[in-house]
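Please open the model in your viewer and keep the sequence panel beside it.

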Amino acid sequence: MTVKQLSVFVENRPGRLCAVTQALAEAGINIRAVSIADTKDFGIMRIIVNDTDKAVAALKERDFIASSANVIAVIADDKPGSMAAIMKTLYNDNISVEYMYAAFLNPEQGTACLILRVDSNDKAVTALTEAGCKLLSEEDIAKI
Amino acid sequence: MSKRYWNEKIECMDRDEMRALQSERLVKQVKHVWDNVPYYRKKMEEKGVTPDDIKGIEDLHKLPFLSKADLREGYPYGLLAKPLSECVRIQSTSGTTGKRVVAFYTQNDVDMWEDCVARAITAAGGTKDDICQVAYGYGLFTGGAGLHGGSHKVGCLTLPMSSGNTERQIQFMIDLGATILCCTPSYAAYIGETLHEMGYTPDDIKLKAGIFGAEPWTEEMRKQIEESLGIKAYDIYGLTETSGPGVAFECEEQHGMHINEDNFIAEIIDPDTGETLPDGSKGELVFTSITKEAFPLLRYRTRDICVLSRGKCSCGRTLVKMSKPMGRSDDMLIIKGVNVFPSQIETVLLKDFNATPNYQIVVDRVGNSDTFEIKVELSPDMFSDTIRDVSALERKLSADIVQILGIKAKISLVEPKSIPRSEGKAVRVIDKRKLV
């Protein structure tokens, strides 16, 4: 069970984030989670939205470079040690995390949501499910 | 009193006498090329010209042109006019793979070249009593070899420093009392800056003159170099295809460069029609080597745009003068002294991107050094959601550019359609340097 993540290439100059978010706003896209990885000259904006395909189309139409990839959205209890437990589960199965960030997604009270990009989605989904973690699906994201 | 001319007979020769000398040498040279360079002979045959049609300099226009494309086609031996056993030297243009020019020299060719450089050094006030610091790069590049040879010919004590290691350059300059500096103008400016940063002033060095070439420079830069080093700065012009630096040189007037016409016939042509233009017109400079043995190029198109003038020069030389090149009739750029063609960058992009993305070359001059940036529009195929992959692409492009051009460029990946287009066509080169 994975969710789609939107990635957008943004040059490191004033106005670019404004342009990306404006394009999403005009397409009626709701942003669920966002993170930016940056270098001196450019950044990659990673976004979880309610409709990834529509978002990619809207951005491409405006000449942005956008793509989608499958990532894992895992629910963690909002208490000390829950993120460590998730990391340990992945580490035990020798799964590498390329990057991760927190999402503004709280489907239930007292939980937090992490977005994980790993080297093997299949292995991670199995490991986390077996460890009793709750993963979000595309439908879950669209509903929130 | 220092000697004013290296070869007074030639440098101050009466115009008619010079024309007669050029005619005589041209006729002989055309025959030499016809007999020994099948490539050019074919070009002449295609134009319906034989050596019999060339009776003097007035017939020069009948000969076909040679261009860099011919040199590429003939690479490496296609334009060679002497057996390799008669050749003693090879020099080559700066760094590049796709557009390399390899030139061959017999001992007579080397002597002629060094004689031309000796005239330049003498015109800059150099004599056998001088200490000449050669800070041009040594190697295949003609800068180091040319000035080194000329310095020997004049009898200067020659310091073969090559370029780089600036603090050591200055230490030697001070300790050994160098009086003449030869390098690129941007390096001269940098040496000047470093001298002051090290806490010295021009009073601490004995330099009196500098001979600077291989890249375009302005009058402002001349003033700056002259002040920072306390010298007179002279321009020198040349290209590997004709021999190297010393094809033309500045005299004490510092206004235009005298062309060594006894070896090189200069013409100005309309770059579009190929028609010869009268003296004083602005156009493309074309050279015919009339004394070179191994690599005698006839009517070689330099692509440099300039003006020839035959007005009387206060230095007494009668050799025709060329202005500083005012631009190019092709798209070649000279960046950090290296010849760069946009097509070379396209080759790299094509290789690394599997397609030619939109790109733009941005050249500027900060202080006295060139900056070189290549902006490349990222394509969806090359995009990944990890910084690692995108940065790896950037690094690969950067490494491949160094490989092809020999100089580093800053690679900037930019968003699609962010490079401005005029009439739908992307603007490939933005040169912000004010060099003319």
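Predicted model: local features only at pLDDT ≥ 70, side-chain atom pairs only at ≥ 80, totals over all residues.

Residues are numbered from 1 along each chain as its sequence is written, and chains are lettered from A and ligands numbered from 1 in the order in which they are written.

**Chain B as a whole**

Select chain B and colour it by secondary structure, which comes to 11 helices and 23 strands, where helices (H or I, at least four residues) and strands (E, at least two) are DSSP runs numbered from the N terminus. The C-alpha trace of chain B spans about 70 × 65 × 40 Å along its principal axes. Its radius of gyration is 23 Å, close to the 22 Å from the globule rule for 436 residues, so chain B is as compact as a globular protein of that length; the radius is taken over C-alpha atoms, and the rule is 2.2 Å times the number of residues to the power 0.38.

**The nonpolar cores**

Next select I180(B), C182(B), A188(B) and I211(B), which touch the most other members of the largest nonpolar core, a set of 92 residues. A core of this kind consists of buried Ala, Val, Leu, Ile, Met, Phe, Trp, Tyr and Cys residues joined through C-beta atoms within 7 Å. Helix α5 (residues 107-123) of chain B gives the most to this core, with 9 residues. Centre on I211(B): leaving aside neighbours within four places in sequence, I211(B) is in contact with residues including A120(B), L147(B), I180(B) and Y234(B), contact meaning that C-beta atoms, placed from the backbone, lie within 7 Å.

**A helix pair**

Now show α8 (185-197) and α9 (219-229) of chain B, which pack at an angle of about 35 degrees with their axes 9 Å apart; axes are lines fitted to C-alpha atoms, for helices over the stretch in contact, and angles run from 0 to 180 degrees between N-to-C directions. Among the residues that meet are A188(B) and G192(B) in α8(B), and I225(B) and L229(B) in α9(B).

**Backbone details**

Move to Y75(B) and P76(B), which are joined by a cis peptide bond with omega about -5 degrees; P76(B) is in the loop between α4 (68-73) and β1 (87-92) of chain B. Then select S162(B), a residue other than glycine whose phi is positive, near 60 degrees, and which lies in the loop between β4 (157-160) and α7 (166-176) of chain B. Q254(B), also not a glycine, has a positive phi of about 50 degrees and is found in the loop between β8 (245-250) and β9 (257-259) of chain B.

**Where chain B meets chain A**

Finally, display both chains: 15 residues of chain B are in contact with 15 residues of chain A. On the chain B side, α11 (387-405) and β20 (410-414) are the elements that give two or more residues.

Note on methods
Contact = placed C-beta atoms within 7 Å. Buried ≥ 20, exposed ≤ 12 C-beta atoms within 10 Å, placed from the backbone.
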